[in-house]
Amino acid sequence: MIPRSTSVNSDASGSQMTPLFLCMGSACYHHGAPEILKIIQEKLDEYGLATEVELMGHFCLGNCNKAVLMRYEEHTFEDISPENAADVFEQDILPRLIEK
């Protein structure tokens with residue numbers, strides 16, 4: 001059985017981290033998910049969240065025609081590209097992470 005999600009960041013202390021999912025299915029991968037992964041990791045580091053947020057690759061988040069997708073709690077973010085990933089993170093995802 002293949003796991004549906006795989007951790008990209010981990011916390012060595014074993015504390016509970018907040019999961020942030022990035023689709024790595026074929027449509028999302030083709031539309032730049034590997035580049036977006038690097039951008040989001042950099043943003044988590046920049047905002048000091050790398051030890052609080054667990055960035056997880058997910059096999060498929062559905063709605064492939066809106067690739068690339070990310071999910072945080074019940075919020076799904078669509079049409080993310082390497083060109084807009086930093087803006088999507090700062091404008092849409094970061095405020096939700098901070099209010100947690």
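Select E74 to start: with a relative accessibility of 61%, E74 counts as exposed, where exposed means over 50% relative accessible area, buried under 20%, and partly exposed in between (1.4 Å probe, protein chains only). This is a predicted model, in which local features need pLDDT of at least 70 and side-chain atom pairs count only at pLDDT 80 or more, while totals for chains, interfaces and linings use all residues. Residues are numbered from 1 along each chain as its sequence is written, and side-chain values use heavy atoms, with hydrogens and water left out.

E74 sits in the loop between strand 4 (70-72) and strand 5 (75-77). Helices (H or I, at least four residues) and strands (E, at least two) are DSSP runs, numbered from the N terminus.

**Salt bridges around K43**

Next, select K43, E46 and E90, which are linked in a network of salt bridges. A salt bridge here is a side-chain nitrogen of Lys or Arg within 4 Å of a carboxyl oxygen of Asp or Glu. The whole structure has 3 salt bridges.

Begin with the E46 and K43 side chains, which meet in a salt bridge at 3.0 Å, N to O. Both residues are in helix 2 (residues 33-46), and because they are 3 residues apart there, about one helical turn separates them. Are the two ends of this pair buried or exposed? E46 is exposed, at 51% relative accessible area, whereas K43 is buried, at 13%.

Now move to E90, whose salt bridge with K43 has its closest N and O atoms 2.7 Å apart. E90 lies in helix 3 (residues 85-99) and K43 in helix 2, so the pair ties together parts that are 47 residues apart in sequence. E90 counts as partly exposed, with a relative accessibility of 26%.

**The K66 and D79 salt bridge**

Select K66 and D79, whose side chains meet in a salt bridge at 4.0 Å, N to O. K66 is in the loop between strand 3 (53-58) and strand 4, and D79 in the loop between strand 5 and helix 3, so this pair ties together parts that are 13 residues apart in sequence. K66 is partly exposed at 30% relative accessible area, and D79 is partly exposed at 39%.

Keep D79 selected and check its backbone. Phi of D79 is positive, about 55°, although D79 is not a glycine.

N63 lies in the loop between strand 3 and strand 4 and is partly exposed, with a relative accessible area of 37%.

Then select A67 and V68, which are joined by a cis peptide bond with omega of about 10°. V68 is found in the loop between strand 3 and strand 4.

**The aromatic pair**

The structure holds 1 aromatic pair. The ring centres of Y47 and F89 are 6.2 Å apart and their planes are at 45°, so the pair is tilted. Rings of Phe, Tyr and Trp (its six-membered ring) pair if their centres lie within 6.5 Å; planes under 30 degrees apart count as stacked, over 60 as edge-to-face and the rest as tilted.

The pair links distant parts of the chain, with Y47 in the loop between helix 2 and strand 3 and F89 in helix 3, 42 residues apart. Y47 counts as partly exposed at 35% relative accessibility, whereas F89 counts as buried at 0%.

**The cysteines**

Finally, select C23 and C28. How many disulfides does the structure hold? There are 0, a disulfide being a pair of cysteine sulfur atoms within 2.5 Å. C23 is in no disulfide, and the nearest cysteine sulfur to it, that of C28, is 3.3 Å away. C23 counts as buried at 2% relative accessibility, and C28 is buried at 1% relative accessible area.
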